[in-house]
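Hi there,

Here is the structure I promised to pass on to you. Please open it beside this email, and then read on for what I found in it.

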Amino acid sequence: MGGKPSHDRRLVVAGLEGAGKTTMLFKLKLGTVETRASGGTVIETLRYKNVTLVSGIKKAKNTVAVIYVVDAAARRFEAARHELQELLSGEERDVAVLVYANKQDAADAASPEEVTEFLDLVRLRQRWHVQASSALAGDGLYEGLDWISSVLQHSHPRRPPVHEDDFSVGGLLGVVFRAAGLPDNTLSLVSKLAL
Ligand SMILES: Nc1nc2c(ncn2[C@@H]2O[C@H](COP(=O)(O)OP(=O)(O)OP(=O)(O)O)[C@@H](O)[C@H]2O)c(=O)[nH]1
Ligand SMILES: [Mg+2]
């Protein structure tokens with residue numbers, strides 16, 4: 001449906017097959033998830049106003065943040081480490097890297113600390129954060145976005161300051177979107193949709 005506007009801000013959602021990307025996008029309930037095939041891969045986009053979460057692409061170009069979903073129970077950490085390094089290779093020094101240590105509801109899931117170690121995150125040049133999550137249950141997803149929102153706030157100092165009201169689930173998403181360049185009246189709309 002039409003081309004993307006040039007001010008569109010993307011958050012790339014990546015992770016190995018089965019990590020939980022699709023489950024996460026649908027759980028966020030911000031809008032409609034569009035699915036399309038592109039060169040053998042499935043691209044899913046969750047668009048809200050001019051912010052788009054894109055899953056299924058292999059490069060982090062033109063993104064404000066990378067959301068990297070890890071299946072903490074599958075223990076394919078070596079492959080995940082390589083994929084994340086590849087994704088971040090190039091000049092993407094400014095992107096914020098949020099790692100979801102997903103499937104924490106599974107009995108044998110690695111802890112966020114273990115995921116940090118196995119993915120060798122301390123070697124990244126980018127800012128990173130690990131969030132425990134269960135995309136299936138919806139746990140930890142908004143907490144992760146909270147971290148991204150605070151990073152985007154600091155990298156956009158000319159944006160308006162955060163109000164105390166923003167620290168609700170819907171409000172935090174509003175902060176993400178506002179920091180990503182959305183108009184102010186988006187906040188109430190996002191709050192309604194997210195709750
Ligand atoms: N127990 C548990 N299962 C999960 C969780 N998140 C996703 N799953 C399951 O893991 C499987 C794969 O999830 P998807 O969301 O399809 O994974 P994906 O990253 O989109 O996978 P691809 O599209 O193949 O790359 C599904 O059976 C999900 O129900 C979670 O937090 N806990
Ligand atoms: Mg998927």
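Where pLDDT is low, the predicted coordinates should not be read in detail.

This is a predicted model, in which local features need pLDDT of at least 70 and side-chain atom pairs count only at pLDDT 80 or more, while totals for chains, interfaces and linings use all residues. Residues are numbered from 1 along each chain as its sequence is written, and chains are lettered from A and ligands numbered from 1 in the order in which they are written.

Now for the protein as a whole. The average pLDDT is 80, and 74% of the residues score at least 70. Residues 1-6 have a pLDDT below 50, with 1 contact in the model beyond near neighbours in sequence. For the complex, the predictor gives an ipTM of 0.99 and a pTM of 0.80.

The protein has 6 helices and 7 strands; these are DSSP runs numbered from the N terminus (helices are H or I, at least four residues; strands are E, at least two). Of the 195 residues, 39% are buried. Buried means that 20 or more other C-beta atoms lie within 10 Å of a residue's own, exposed means 12 or fewer, and partly exposed is in between, with C-beta atoms placed from the backbone.

Next, the ligand. Which residues come nearest to ligand 1? They are Gly20, Lys21, Thr22, Thr23 and Leu136, out of 16 around it (near means a C-beta atom, placed from the backbone, within 6 Å). Helix 1 (residues 21-28) gives the largest share of this shell, 3 residues.

Thr22 sits in helix 1, and an unreviewed UniProt entry places the feature "binding site" at Thr22 and Ser38; such annotations may be inferred rather than shown by experiment, feature names are shortened, and positions follow the numbering used here. Thr22 is partly exposed because 18 other C-beta atoms lie within 10 Å. Leaving aside neighbours within four places in sequence, Thr22 is in contact with Glu44 and Ser55. Ser38 belongs to strand 2 (residues 33-38) and is exposed, as 9 other C-beta atoms lie within 10 Å.

Happy exploring!

Methods:
Two residues are in contact if their C-beta atoms, placed from the backbone, lie within 7 Å. pLDDT is the predictor's confidence in each residue, from 0 to 100.
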